[in-house]
Amino acid sequence: MNGLPVLSIIALAPTAAALLILLIGRGKQLPRAIALVAGTICLACAIWVWFNYDRTAAGMQFVQTIPWIPSLGIAYKVGVDGISVPMLMLMGIVMFTGVLVSWDVEDRPREFFVLLLLLVTGVFGVFVAQDAFLLFFFYEMAVLPMFLLIAIWGSTRKDYSAMKLTLFLFAGSAALIVAMILIYWQVGAHTFDMQVWAAHTFPATFQRWVFLLSLVGFGALIPLWPLHTWSPDGHVAAPTAVSMMHAGVLLKLGAYGLIRLGITLFPQGLHDWALLMAIIGAINVVYGALCAMSQTDLKYVIGYSSVSHMGYVILGLSMANRFGLEGAVFQMFAHGIMTALFFALIGYVYEKSHTRQIAEISGLMLRTPVVAATFVIAAAASMGLPSTSGFVAELLVYVGLIGKSPLLAAVAFVGVVVTAAYLIRTLTKILLGKPSEAVEPLVDPRPIRMLPMGILAFTIMGVGLFPGPMYETIRIGVMPILQKLAGG
Amino acid sequence: MSLLSYAWLLPVIPLVVFAIVLATGRKLPEKVVYSLGIGAMAVVFAGSLVALWQTSHGLELNTSFKWLSFGANTFNFGMLVDPLTATMLIVVSFVSLLVQLYSIGYMHGDERIRWFYGAINLFSAAMLGVVLANNWLLMYMCWEVMGLASYLLIGFWYQNADAPPAAMKAFLVTRFGDVGFGLALALMYFNFHTFNFTSVFLMTEMGAVNPTVIAAIALLFFAGAMGKSAQFPLHVWLPDAMAGPTPGSALIHAATMVAAGVYLVARSFPLYEAVPWTLLVVGTIGTITAVMGALIALAQHDIKKVLAYSTISQLGYMFLALGTGSWVAAIFHLMTHAFFKALLFMAAGSVIHGSGTQDLHEMGGLAKKMPWTTATWVLGALSLAGIPPLAGFWSKDEILLSALHSGNYWFLGFGLFTALLTAFYMGRATFLAFFVKPGPDSKASHAHESPWVMTAPLATLAVLAVTAGLIGSPLAGYAFGNFMGEHEAAEPSYLLMAIAIGVAVAGISLAWGSYIKRFFEPDGYFKSWFVTGPLSHKFWIDEVYHHGVVRPVNAIAEGARTADSAVIDAIVRAFGWVGLKISALLAVFDRKGVDGAFDAFGDGVSETGNTVRKIQNGNVQTYLLFMVAAIVVLVAVFAR
Amino acid sequence: MTLGLNHFLILAAALFCIGIFGVLTSKSALRVVICVELILNAVNLNLAAFSAYVAPKEAVGASFVIFLMVVAAAEVGLALALIITLNRTSDISAIDSMSRMKG
């Protein structure tokens, strides 16, 4: 299997599947079957990459290069390192479970799966692209289907949310294009190859301002406070599978891009803006948690909790030390899985009870014990309770934080307490008590709908109890960046 | 040694039981479930006895296995079995065993009894994990699982209106303390690069780490302990936690989990010793809690609430002991307290089971109806009040002695004062429930004795509540202290012993005088401002939290949400609005200027089109005719 | 008298003119199609003749003829299908009454 261009398979299999669905995918059964096959292929390849990535050799692996627009130095170049590999795993899992969650989509299933698969291609593409132009190409490819998916299959204020999301992301993209072109001219090597870019040393002023562009551009996606308001609205409006990918993976595209095109290229720029980033990160954590606390819609609670949790990623990155960076990447993975699980669960409850109002849901524990137990696992990860993946991530971030800025650590800890408060309050309300009217018809899902929740919960616990391999991979991925930070 | 290396099985066995219960749901018959639970705990108890026996022969276990390469060092998880751990193992497994036995009777007929056993086993596994861990990280992991299990058990009867909020409160308040624990872990890792007990103590001893950092870590650990062990001001969750089933309260909220904080501080004791002023903090908080808990207990009507505040007070006592520098005395009291308080809770459960009420004023005269319960309760109460030679006397004496020797007479004085209050409120509860003549609201007439599955564990615990103290007494040559590794026993002070006995007797006599002989009018006492004011309002601490924390946080959260939609979103919308206006302006220009020119041009084109279109009559043959004609013309012109 | 290239060309021109005349004047759509075939075959004849007389070795024209025949067959099929459909839907076969494409 060594000769196989496995990364290209991951990135392009969903597109191929989308085309296939367009050609022959009639009815309800066929599109979802094809999508599931594509999901299985991607997940299998991601797992294969996970096990075959040579952790002793480190660096970029499975590289494949095909010239694309040679006159501009643009190439189709893919490869993975220790940061991409966990992201591929994350996307593989979220995508596979996302397809399963959408198993019962009734409304135009064919178009739904086509768009979903295009979105998946975009996300996978970003994670494997090693050419800045290619990365940007895939990035935009992920945004467009998102708009349609929310605007057509969404709920609550879907047009507004879809539009808001798209405008924010395109505004971010505009900053990114400028940054990219500036870097391209500055390097002057007639190439978009990010490894070549990374080897270049940029002048200090250039670093300062272009890093800011990158921070704003990708920050809109992370989402960085105060550019975050699109994100909860988007989560809420989107259909379940899209919420899962949106919160689970799309937000990570921002952080991933910031690492690739911000921190790796401009260590000096990071130093210049670290304090601002750290403060904004702390605001994200606390502010997001506070906003989540006063929400009445379950999806909004989780939407704002994403804002809060992504704050740890920003905090970790801004610390620019080993634990901070490792914790940030770990948190990207951990949050992706936990939030996907949350949305899968809420999607299921909403589908059956037709309400997401916390006030109208209670007594899930009695009606659907398995769903309730899974809720507890997701909440435990979200609160950063030990033996879940969330704990390892938060611990790493805090170790990074406490060494550099105990004050910020203390501020962020307020966020932890508030997080525990809103989650336990929500859980107590919806799980305990007598089953409410809306909850009455609920039963535990049948196996194919249970499977995604099972996979996600299992991942949370598995990574939480045995974080070794994941941590090791991330450590290898972060190492070159650390060296650059130390040198720059 | 060989047997000790199987110690990891101890927490795994109840965990497996939990997993089985979780996986099978309602499929297993009730009998199978509780036999499983009890059988498993019996095995664990046997294992704990082996561990005790082995450690008493000087064997210890400290093994590790790699969990994670964390930073530069590999990070290990492992087990530590030493005398302290062995003692805790015995306490936990024994109380858990008896509680599960007792629950057969108490929980009989509850449709979710399987889940109850599942949660109890989950809790036991976590607690065993806490005491077996050889590092703080593993301990923290089990610690949080323990909190989760406690949440589940408090919220067990979630149909009742008070259970869900109580569960939530318990989780939140303890979580608040645990945040300190977590911060301590981060701080520790950053400074020590390990979580292992032995390594950290070694580095502390060598002075490798700044004492300020050590103090910070120690105090943060103590914050975690305060949450779990319900110390002032984080004690508010424990009384509410009584909403759960009584056997669960006996195990978790009286005997074991709440004592985990004491264990944590005792286990981390070298850190505190390195910076002695931290011990003063611990002792002060403990003293405040001890006095406050005992005072509030005076004014409670609910038999479980009396016990809950008594637990808070006694836990404060243990921290007082830690504060005087004697962790052995604290653990000794932890052990005896576990036995007699579990006994009292289970006896209270038996009373509730038999009489159907929790209110002391609706009881009375139960002694005749429930002889076994009464007898065991009285033994437990005497033990708690500190009457020799019962267990509570010896352990309390150790603490007072340690306070005396430490020279901190504040601790000693308040300790004695608490002992007086304790004797009084226990006397009050005992007389009101069992001995006074039933009042008009009494439900005692229907009361009946509980089945033997409930009374047998009571009797067993009663034996321990009487005898367990002897092993740490001067009579047995301070066997307990020696076992723990404290070789020079403190000089016993017979004067202090006499004073302690006098105080206990005084307290009980006062209660006897008030409630049986009516020398004093209890009604008058209950109308005094001190009782109706601070005591029955629990010093307004709940209110302070409500107005000082809960409401402001909610208000801030509400504010943040409003800000999010009103300010930030408004700015976003303002940008959109400005954009729209600009585009509208441009649109006007477009229509009048650019469009005007285009329109003129377009009109011309369309006029021409209108004239020419008539040729297009839709008949194919006409078109062909034009074509042929055109070809003929072209040929004529070009083919010369 | 031997047959020369010119004979073939004259024949083809005649066929072509007949075809054009037919196309322009026929009322029946079927007859139009038949006349179109005449035009095509006139072209075929020209190609074959040029092939045989000008460059007999390469047979380029001959192969074009084969192609054109295939195209013609396809065209007839299509035209017939159109006519039948028109007939069914609007009940007309007279081509001069089809003027829906009027501009």
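Entry 1. Chains in contact.

I count two residues as in contact if their C-beta atoms, placed from the backbone, lie within 7 Å. The model I am reading is a predicted one.

Two pairs of chains are in contact, and chains A and B share the most contacts. Chain A and chain C have no contact joining them; their closest C-alpha atoms lie 26 Å apart.

Entry 2. Chain A as a whole.

I listed the secondary structure of chain A and noted 19 helices and two strands. Along the principal axes, I read a span of about 65 × 60 × 40 Å for the C-alpha trace of chain A.

Entry 3. The strands of chain A.

I looked at strand β1 (residues 61-69) and strand β2 (residues 74-80) of chain A, which pair in the antiparallel sense over six bridges. One bridge I wrote down has A:Gln61 with A:Val80 in β2(A) as its partner. The two strands, β1(A) and β2(A), form a hairpin, and four residues lie between them. In the turn I noted A:Gly73, which has a positive phi of about 80°.

Entry 4. A helix pair in chain A.

Next I took helix α16 (residues 389-404) and helix α18 (residues 447-465) of chain A. Their axes come within 6 Å and cross at roughly 45°. That angle makes α16(A) oblique to α18(A). Which residues meet here? From α16(A) I noted A:Ser389, A:Phe391 and A:Val392, and from α18(A) I noted A:Ile460, A:Val463 and A:Gly464. The residues of this contact divide into four nonpolar and two polar, with no charged.

Entry 5. Chain B as a whole.

For chain B I noted 26 helices and two strands. Its radius of gyration is 36 Å, whereas a compact globule of 640 residues would have a value near 26 Å. The box that the C-alpha atoms of chain B fill, taken along the principal axes, is roughly 145 × 65 × 50 Å.

Entry 6. A helix pair in chain B.

Last, I looked up helix α8 (residues 211-228) and helix α11 (residues 260-267) of chain B. They pack at an angle of about 160°, with their axes 7 Å apart. Angles over 145 degrees count as roughly antiparallel, so α8(B) is roughly antiparallel to α11(B). The crossing in which α8(B) passes α11(B) is left-handed. On the α8(B) side I noted B:Phe221, B:Phe222, B:Gly224, B:Ala225, B:Met226 and B:Lys228. They meet B:Ala260, B:Gly261, B:Leu264 and B:Val265 in α11(B). By kind, the residues of this contact are seven nonpolar, two polar and one charged.

Definitions and conventions:
Residues are numbered from 1 along each chain as its sequence is written. Chains are lettered from A and ligands numbered from 1 in the order in which they are written. This is a predicted model: local features need pLDDT of at least 70, side-chain atom pairs count only at pLDDT 80 or more; totals for chains, interfaces and linings use all residues. Axes are lines fitted to C-alpha atoms, for helices over the stretch in contact, and angles run from 0 to 180 degrees between N-to-C directions. Angles under 35 degrees count as roughly parallel, over 145 as roughly antiparallel, 65 to 115 as roughly perpendicular and the rest as oblique. A crossing is left-handed if the near helix is turned anticlockwise from the far one by less than a right angle, and right-handed if clockwise. Ala, Val, Leu, Ile, Met, Phe, Trp, Tyr, Cys and Pro count as nonpolar, Asp, Glu, Lys and Arg as charged, and the others, Gly among them, as polar. Two strands pair if DSSP finds at least two bridges between them. The radius of gyration is taken over C-alpha atoms; the globule rule is 2.2 Å times the number of residues to the power 0.38.
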